[in-house]
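Please open the model in the viewer and follow the selections below in turn. The tour moves from the sheet to the core and then to the aromatic rings.

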Amino acid sequence: YEGLLSQLLAMFFQFFAEEFKWGKEVASVRIGQRSFASEVVFHQLRGRMSTRLHIEDPFLRARNLHCALKVHNEGILRAKLREATHAMRR
């Protein structure tokens, strides 16, 4: 299982570092698929048109969990995801 878990973790980092469109897509466990913030299903999501990371609270649909990150910390998170992606490719 260890090899599978490390592969899954590497894919997670790669997705959020390179494929996920920050500021345009929403991470939503409620929807369970890639979706854009501009879609009608997210009309209640506060701050959805900003260029920040969007994570929908699955219980409070208007709550964008990017509120827990300051803009500066969001940049650090993104950089660390990229670093982890590159480190796991070695």
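**The sheet**

In this predicted model, begin by selecting strand S1, residues 25-27, together with S3: the two strands run parallel and are joined by two bridges. Within this pairing, display alanine 27, whose bridge partner in S3 is isoleucine 55.

The three strands form an open sheet in the order S2-S1-S3, and the pairing is mixed. Strand S2 (35-36) and strand S3 (54-55) are the edges; each has a single partner strand, so one side of each lacks a neighbour in the sheet.

**The nonpolar core**

Now select Phe13, Phe16, Ala17, Phe20, Trp22, Leu53, Leu81 and Ala84, the eight residues of the largest nonpolar core. Colour helix H1 (2-19) and helix H2 (71-89), as each contributes at least two residues to this core. H1 gives the most, with three residues.

Centre the view on phenylalanine 13. Leaving aside residues up to four places away in sequence, phenylalanine 13 touches Leu81, Ala84, Thr85 and Met88.

**The aromatic rings**

Which residues do ring pairs link into a cluster? Select Phe12, Phe13, Phe15, Phe16 and Phe20 to display them. Across the whole structure, five aromatic pairs are found. For one of them, show phenylalanine 15 and phenylalanine 16: the ring centres lie 4.9 Å apart and the planes meet at 85°, so this pair is edge-to-face.

Finish on phenylalanine 16, a member of the largest nonpolar core. Its relative accessible area is 17%, and phenylalanine 16 is therefore buried, the cut-off being under 20%.

Technical notes:
Residues numbered from 1 in each chain as written. Predicted model: local features only at pLDDT ≥ 70, side-chain atom pairs only at ≥ 80, totals over all residues. Heavy atoms only, no water. Pairing = 2+ DSSP bridges. Helix = DSSP H or I, 4+ residues; strand = E, 2+ residues; numbered from the N terminus. Core = buried A, V, L, I, M, F, W, Y, C linked by side-chain atoms within 4.5 Å. Buried < 20%, exposed > 50% of the residue type's maximum accessible area, 1.4 Å probe, protein only. Contact = heavy atoms within 4.5 Å. Phe/Tyr/Trp six-rings, centres within 6.5 Å; stacked < 30°, edge-to-face > 60°.
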